[in-house]
Amino acid sequence: MRLNLPPLATEFSPLQAPVFMAEGSGNAHWLLHTPSGSLVWRQFGQAPGSDHSRETWLLQQLQIHPWVPRLIQSFPSGLLFEQVPGHHPDAPGLNPLQREGLLQLVMELWQQPCNLPALNYEDLLFDYWQKTGYASPVQPLLEQLNKAAARWPALTQLTHHDLHAGNLLLENNHWVLLDWEYAAPGNPWIDAAALDRWLTLSDTEKKQLEILLPELSLSDPWQEMADWLEGLDQLWQVTR
């Protein structure tokens, strides 16, 4: 992706050529060395299912929380942040305090008030399928995912929808959650299943999360939501 940096105020303008950092599923990131310090330019791409206007609004609303990156300025083409110190963590290397801190972060996220419309999973899945060119081989998977989501109650807890190590930074015991392009009110079990997939949660940790998780009419919600998330990932990969 080619750099498309909008005009910036002098204190935020790079003193040298921006340094390309990484390109995720749809967005590219550059490091800017500026008079105000190190900043990151997150340039919007077109990842399937993403919503950058919703991402921007949520980040603006959540700036009071230490687990949200500090937003300097928003533009139609991207977002300008303070650079966040830390590293993308490895699950086996996390100590109990760090694991607990991450669980607390996610539980706090789920409790944030948000008056945005809830994510319509049927529309999201159809959008993914549309981007495959209505590929017939993935239609059975699409129908399976839709059938499962139709059994969920109306759910409006703020959910990140893309929890994994690449979207987290850890500095000592401090966590920051990145990449909010899929975040919306919805089913927090998706975040819980993603955490379990990455951390292999203990029974105690699962019970801790279940305090805030809605009841689902499923015989084994942890396994069935893990299967749903795996299917969603498969569909998303096809859209790319």
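This is a predicted model: local features need pLDDT of at least 70, side-chain atom pairs count only at pLDDT 80 or more; totals for chains, interfaces and linings use all residues.
1. Let's start with proline 214: at 17% relative accessibility, it counts as buried (buried is under 20% relative accessible area, exposed over 50%, partly exposed in between, with a 1.4 Å probe and protein chains only). Proline 214 lies in the loop between α6 (203–210) and α7 (221–239). Helices here are DSSP runs of H or I with at least four residues, strands are runs of E with at least two, and both are numbered from the N terminus.

2. What does proline 214 touch, leaving out residues up to four places away in sequence? Its partners are Leu155, Gln157, Pro188 and Trp189, where a contact means heavy atoms within 4.5 Å. The C-alpha atom of proline 214 is also 8.2 Å from that of asparagine 187, and those two residues are 27 apart along the chain.

3. Residues are numbered from 1 along each chain as its sequence is written, and side-chain values use heavy atoms, with hydrogens and water left out.

4. On to the overall fold. The protein chain has seven helices and nine strands. Its radius of gyration is 18 Å, close to the 18 Å that the globule rule gives for 240 residues, so the chain is as compact as a globular protein of that length. The radius is taken over C-alpha atoms, and the rule is 2.2 Å times the number of residues to the power 0.38. Along the principal axes, the C-alpha atoms fill a box of roughly 55 × 45 × 35 Å.

5. Of the 240 residues, 50% are buried. Among contacts with a separation of 6 or more, 69% come from residues 24 or more positions apart. As for charges, there are 12 positive and 27 negative ones, and their mean positions are 3 Å apart. That count takes Lys and Arg as positive and Asp and Glu as negative, without His or the chain ends; each charge is placed at NZ of Lys, CZ of Arg, CG of Asp or CD of Glu.

6. Leucine 209 deserves a look of its own. Not counting residues up to four places away in sequence, leucine 209 touches Leu103, Met107, Trp110, Ala192, Leu195, Leu201 and Trp222.

7. Is α5 enclosed or open? Ten of its eleven residues are buried, so α5 is largely enclosed by the rest of the structure. Among the buried ones are Trp189, Asp191, Asp196 and Trp198.

8. Last, two backbone spots to check. Asparagine 172, in the loop between β7 (168–171) and β8 (174–177), has a positive phi near 60 degrees although the residue is not glycine. Asparagine 172 is exposed, at 61% relative accessibility.
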